[in-house]
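Hi,

Here is the structure I promised to pass on.

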Number of protein chains: 2
Amino acid sequence: MNEQYPSMLLKRAVGEMSKLPGIGQRTALRLVLSLLRQKPEVALALADSLTRLATEVHYCRECHNISDNDICDICANPARDRSLLCVVENIRGVMSIESTGMYKGLYHVLGGVISPMDGIGPGQLEMDSLVERVGRGEVKEVIIALNPTMEGDTTAFYIQRRLSNTPVLLTTLARGVNVGDDIEYTDEVTLGRSLTARIELKK
Amino acid sequence: MNEQYPSMLLKRAVGEMSKLPGIGQRTALRLVLSLLRQKPEVALALADSLTRLATEVHYCRECHNISDNDICDICANPARDRSLLCVVENIRGVMSIESTGMYKGLYHVLGGVISPMDGIGPGQLEMDSLVERVGRGEVKEVIIALNPTMEGDTTAFYIQRRLSNTPVLLTTLARGVNVGDDIEYTDEVTLGRSLTARIELKK
């Protein structure tokens, strides 16, 4: 729609909203009009939450995860196992692994993966701080939990090299058939890897 | 995802964002994290535009369209034909018809359609103000431009009854095969109506 907006306020709100990824002009207009149909408090609460997020959010100075304080709740928790360090690409990685409830170690958020196509090298990532953290000696195992993409694998390989002269154990997430998945519908690469990494059953 | 958020600020922003229609928790998280990856100014500009929209927006007291002033640009424009009044459901109706560039009359925004299922009767709509506007005598034709749904048709029928004792000409949008559309793929109701309302070609 190549339309004239009846109000500059509306036009601006739609413009700002459509800067969000995956939100086009049409969707932005629909979202903004839905806010207009509700009490002003709804739009004001959204605006306030975004303002506070943009101005008050912290990043943990240890693991670089998003946090309300200088040190995040996970790093500050004395019950977490300080010998385990899980390297993830971003905040969503932390949230996904936390949601399993199966991991009790610490995290290290890289803030991205190496991607020459996007001009992202190790220098833009929290790579030196990872090496420094491991160098302190408390960490015994580094679990690389990056996505199995070209960039993720490149980054994993880079970390492997950077940590090669440390005594730390390097591991990565097991690849295999999803729990509850049908073998018939598992892609061949995953199925192949799950065969190679087959697990012995206790008799 | 049933996760714990690493930050209450993040959790709140995601919560507010996911109140928008069609935006679930996962999408809201993706949108909010994309804002976090950018300069704070981007989130602040969005927040400011929503705040200003919620607090400063006006509705035209003539046609009830959204406006930056008490009287919208269309109603205030002396070049518009005051004898033509187009009745639409909402702001998007105005924007769609304006985008055709083919209409030079005024509008009347009902603010919805009659929908007993949703508890919306004529009393919640700008119906009395429509009758009052037409009663002033300047309007010669009322074009009903509502969606061809059960609710739209009910509303059109209601307007027809309310205006039956006025000398105004009542018209509705022509239904027919879309320009550029294939007859083969036109639904039978539309095709049927376009046959009934067939247009004579000049020889």
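Below is what I found, starting with the ground rules.

This is a predicted model, so to speak of local features I need pLDDT of at least 70, side-chain atom pairs count only at pLDDT 80 or more, and totals for chains, interfaces and linings use all residues. Residues are numbered from 1 along each chain as its sequence is written, chains are lettered from A and ligands numbered from 1 in the order in which they are written, and side-chain values use heavy atoms, with hydrogens and water left out.

**Chain A overall**

Chain A has 8 helices and 6 strands. Reading from the N terminus, the order in chain A is α-α-α-β-β-α-β-α-β-α-β-α-β-α. With a radius of gyration of 22 Å, well over the 17 Å that the globule rule gives for 203 residues, chain A is more spread out than a compact globule. (That radius is taken over C-alpha atoms, and the rule is 2.2 Å times the number of residues to the power 0.38.) Along the principal axes, the C-alpha atoms of chain A fill a box of roughly 70 × 45 × 35 Å.

Of the 203 residues in chain A, 41% are buried. Buried here is under 20% relative accessible area, exposed is over 50%, and partly exposed is in between, with a 1.4 Å probe and protein chains only. Contacts (heavy atoms within 4.5 Å) also say something about the fold: among those in chain A with a separation of 6 or more, 47% join residues 24 or more positions apart.

On charges, chain A has 23 positive and 26 negative ones, and their mean positions are 2 Å apart. Lys and Arg count as positive and Asp and Glu as negative, leaving out His and the chain ends; each charge is placed at NZ of Lys, CZ of Arg, CG of Asp or CD of Glu.

**How the two chains relate**

Two residues show what crosses between the chains. S49(B) sits in helix α3 (residues 40-56) of chain B and is buried, at 1% relative accessible area. Leaving out residues up to four places away in sequence, S49(B) touches R12(A), A13(A) and E16(A). V42(A) is in helix α3 (residues 40-56) of chain A and is partly exposed at 23%. With the sequence neighbours up to four places away set aside, V42(A) touches L35(A) and E16(B). V42(A) and T186(A) are 144 residues apart along the chain, with 44 Å between their C-alpha atoms.

**A few loop residues**

Which residue has a positive phi although it is not a glycine? H64(A) does, at about 65°. H64(A) lies in the loop between β1 (58-59) and β2 (66-67) of chain A and counts as buried at 17%. H64(B) also has a positive phi of about 65°.

V113(A) is in the loop between β4 (105-109) and α6 (128-135) of chain A and is buried, at 11%. Beyond four places in sequence, the contacts of V113(A) include E89(A), I120(A), L146(A) and T155(A).

G22(B), by contrast, is exposed at 75%. G22(B) is in the loop between α1 (8-17) and α2 (25-37) of chain B, and its C-alpha is 45 Å from that of E200(B), 178 residues away in sequence.

Cheers

Key
Helix = DSSP H or I, 4+ residues; strand = E, 2+ residues; numbered from the N terminus.
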